[in-house]
Amino acid sequence: MASAVGYLRVSKQEQANSGLGLGAQRQAIENFANANKITITEWHQDIQTGKGADALSQRPGLRTALTSAKRLKGPLIVSKLDRLARNSHFITGLMERKVRFIVTMFPDADAFMLQIYAAVAEKERDFISIRTKEALARSTKKLGMAGKTKIAQRSIHALAMEGKQNAAMKRAESKRAEIEFALKDGASLRKAAETLNERQVESLAGGRWHAPSLLKAARRLGLR
């Protein structure tokens, strides 16, 4: 059997403490390895953001994983591309280290295709961030000198809610394809939530999907 190194990453300590994020990633990698007769000889992980082109300096787990994979002359396996990074230039730099990467969600993708996936994902996140900031800026502009009266306070609250709703809609839209796939053929909300979790798709809040949260997202997208 071929040998490989497994790599896991979550952004927050709370995710690491719960074990849900790391556990789900590990399960996805193990399932892939078993199906392809691959032995995971080492596991490495980080609790660190995936943002920034210099993220490698903050992630000792990834540095060790890269060294191990190069020594083993085997691939480094992750469950999703963003577990490596959320920066396309960073991922390109990793590929220049002559280590083969396997992403369980895109098992047949070569280095070129992974770079394209990373660039598209990064651009979509940029668009969402820009739209969210624009919504907040419009809300702030509308406020003017408000804040001294109850009427002004209600206006502030309404505008803040508008910005929050706009941001939530953008997050939902970014996951529309995955949600539609999970709900296809009349799948129940519980089954669809399980499908999303198995495919390592984060919920709108950044965690696991449950029937109520999926229903809320589906209604927001007009799917329910």
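Trainee: Where does Lys 37 lie in this predicted model?

Mentor: Lys 37 lies in the loop between helix H2 (20–35) and strand E2.

Trainee: Why is Lys 37 called exposed?

Mentor: A residue counts as exposed when its relative accessible area is over 50%. Lys 37 has a value of 60%, and therefore it is exposed.

Trainee: Where is Gln 200 found, and is it buried or exposed?

Mentor: Gln 200 is found in the loop between helix H8 (189–198) and helix H9 (211–220). Buried means under 20% relative accessible area. The value for Gln 200 is 12%, so Gln 200 is buried.

Trainee: Which residues does Gln 200 touch, beyond those up to four places away in sequence?

Mentor: Gln 200 touches Ala 24, Gln 25, Ala 28, Ser 79 and Lys 80.

Trainee: Why is Lys 80 called buried?

Mentor: The limit is again 20%. Lys 80 has a relative accessibility of 14%, and therefore counts as buried.

Trainee: What makes the pair of Lys 80 and Asp 82 a salt bridge?

Mentor: The rule asks for a side-chain nitrogen of Lys or Arg within 4 Å of a carboxyl oxygen of Asp or Glu. The closest N and O atoms of Lys 80 and Asp 82 are 4.0 Å apart, and the pair is counted as a salt bridge. Asp 82 also forms a salt bridge with Arg 83, where the closest N and O atoms are 2.9 Å apart. In general, side chains of opposite charge can pair when their charged atoms come close.

Trainee: Are Asp 82 and Arg 83 buried or exposed?

Mentor: Both Asp 82 and Arg 83 are buried. For Asp 82 the relative accessibility is 14%, so this residue falls under the 20% limit.

Trainee: Which residues are linked in a network of salt bridges?

Mentor: The network links Lys 80, Asp 82, Arg 83 and Glu 202. By the rule for salt bridges, the count comes to 8.

Trainee: How do you know that Glu 180 and Arg 176 are separated by about one helical turn?

Mentor: They are 4 residues apart in helix H7, and therefore about one helical turn separates them. In general, an α-helix has 3.6 residues a turn, so residues three or four places apart point the same way. Glu 180 and Arg 176 form a salt bridge, with the closest N and O atoms 3.5 Å apart.

Trainee: Which residues have the most contacts inside the largest nonpolar core?

Mentor: They are Leu 62, Leu 66, Leu 76, Leu 84, Leu 94 and Phe 101, in a core of 22 residues. Among the elements that each supply at least two residues of this core are strand E1 (2–10), helix H3 (60–72) and helix H4 (88–95). Another core, of 13 residues, lies apart from it, and includes Leu 183 and Ala 192. In general, nonpolar side chains in soluble globular proteins tend to be buried together.

Trainee: What makes Phe 112 an exposed residue?

Mentor: Phe 112 has 54% relative accessibility, and because the limit is over 50%, Phe 112 counts as exposed. Phe 112 is found in helix H5 (residues 111–143). Together with Met 113, Ile 116 and Tyr 117, Phe 112 forms a nonpolar patch on the surface, with about 340 Å² of accessible area together.

Terms used
Residues numbered from 1 in each chain as written. Predicted model: local features only at pLDDT ≥ 70, side-chain atom pairs only at ≥ 80, totals over all residues. Heavy atoms only, no water. Patch = residues over 30% accessible without salt bridge, like charges linked within 9 Å, V, L, I, M, F, W, Y side chains within 5 Å. Areas by Shrake-Rupley, 256 points an atom, 1.4 Å probe, with all protein chains shown as cover. Buried < 20%, exposed > 50% of the residue type's maximum accessible area, 1.4 Å probe, protein only. Contact = heavy atoms within 4.5 Å. Core = buried A, V, L, I, M, F, W, Y, C linked by side-chain atoms within 4.5 Å.
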